[in-house]
Amino acid sequence: MTLGGAPAAARLDRESRVAQGDHEALRLWLRLLACTTLIETSVRSALRRDFDCTLPRLDLMSKLERHPEGLRMGELSRRMMVTGGNVTGITDQLVKEGLVTREAPPDDRRACVVKLTPTGRKALLRMAEAQAAWVARLFAGLSAAECRQLHALLAKLKASATASARSEAA
């Protein structure tokens, strides 16, 4: 069956297309992806709606908040795991809005250090408080004990996946 030009199955999330006989680890991974996508989509939408902001902009501002002395553009790019061009574009917009500044460090006039302004810090605080509330609502279906249990299980999964990735890379 086709709806809106796309097969109905293509419109389902990946988890919905997994068969009962598929490997349990695959089914779990797809469940994690589905949950992550739902949560991220909800947060992105609320951030755009309530603050006219994107997740990458919030991420950049959050990185700067942890470093009041500022960060060089290359370091921001590395920490955000995006290209320098992406960081430059986001920084340009934030400078225009008065949320960050660019300064040339005294030791290297070719580089620039990006810092959060007091206005940027206030905006970030408002967004971070709202983000915490949005995420709490998304997890409201879990008890505090279930959240702790899920957190512990995901820590165990992270350790296992990290160890597996390291052994494959060796």
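These legends describe close-up views of a predicted model.

The model is predicted, so local features need pLDDT of at least 70 and side-chain atom pairs count only at pLDDT 80 or more, while totals for chains, interfaces and linings use all residues. Residues are numbered from 1 along each chain as its sequence is written, and side-chain values use heavy atoms, with hydrogens and water left out.

**View 1**
Helices (H or I, at least four residues) and strands (E, at least two) are DSSP runs, numbered from the N terminus. From that end, the elements run β-β-α-α-β-α-α-β-β-α-α. The chain holds 170 residues, and 24% of them are buried. Buried means under 20% relative accessible area, exposed over 50%, and partly exposed in between (1.4 Å probe, protein chains only). A contact means heavy atoms within 4.5 Å. Among contacts with a separation of 6 or more, 46% join residues 24 or more positions apart.

**View 1. Confidence is lowest in strand 1 and highest in helix 5.**
The predictor's confidence in each residue is its pLDDT, from 0 to 100. The chain mean is 89, and 87% of residues reach 70 or more. Strand 1 (residues 2–3) has a mean of 39, whereas helix 5 has 97. Residues 1–11 have pLDDT below 50. Beyond near neighbours in sequence, this stretch has 9 contacts in the model. Where pLDDT is low, the predicted coordinates should not be read in detail.

**View 2. The largest nonpolar core has 25 residues.**
A nonpolar core is a set of buried Ala, Val, Leu, Ile, Met, Phe, Trp, Tyr and Cys residues joined through side-chain atoms within 4.5 Å. L60, M61, L64, L76, L94 and M127 touch the most other members. At least two residues each come from helix 1, helix 2 (55–65), helix 3, helix 4 (84–96), strand 5 (113–116) and helix 5 (118–138). Helix 5 supplies the largest share, with 5 residues. Look also at L76: leaving out residues up to four places away in sequence, L76 touches L60, K63, L64, L71, V87 and V114.

Asp, Glu, Lys and Arg count as charged; Ala, Val, Leu, Ile, Met, Phe, Trp, Tyr, Cys and Pro count as nonpolar; the others, Gly among them, count as polar. Apart from neighbours within four places in sequence, R57 is in contact with I90, Q93, L94, E97 and L99. Not counting residues up to four places away, K63 touches L71, L76, R79 and M80. K63 and M80 are 17 residues apart in sequence, with their C-alpha atoms 8.2 Å apart.

**View 3. S77 is buried in helix 3 (residues 73–80).**
The relative accessible area of S77 is 12%. S77 touches V82, T83, G84 and V87, with residues up to four places away in sequence not counted.

**View 4. D52 and M81 have positive phi although neither is a glycine.**
D52 sits in the loop between helix 1 and helix 2. Its phi is about 50 degrees. D52 is exposed, at 57% relative accessible area. M81 lies in the loop between helix 3 and helix 4. The phi of M81 is about 60 degrees. M81 is exposed, at 75% relative accessible area.

**View 5. The second largest pocket holds about 220 Å³ of space.**
Rolling a probe the size of a water molecule over the atoms shows where empty space is left. On a 1 Å grid over the protein atoms alone, where a 1.4 Å probe fits, a pocket is an open set of points with protein on both sides within 12 Å along at least five of seven lines. Lining residues have an atom within 4 Å of a point. Grid points are joined across faces, edges and corners, and the volume is the space filled by probe spheres set on the points. The lining consists of A25, L28, W29, L32, L33, L154, L157, K158, S160, A161 and S164. Helix 1 (24–51) and helix 6 (144–169) are the elements that give two or more residues. Helix 6 gives the most, with 6 residues. By class, the lining has 8 nonpolar, 2 polar and 1 charged residues.
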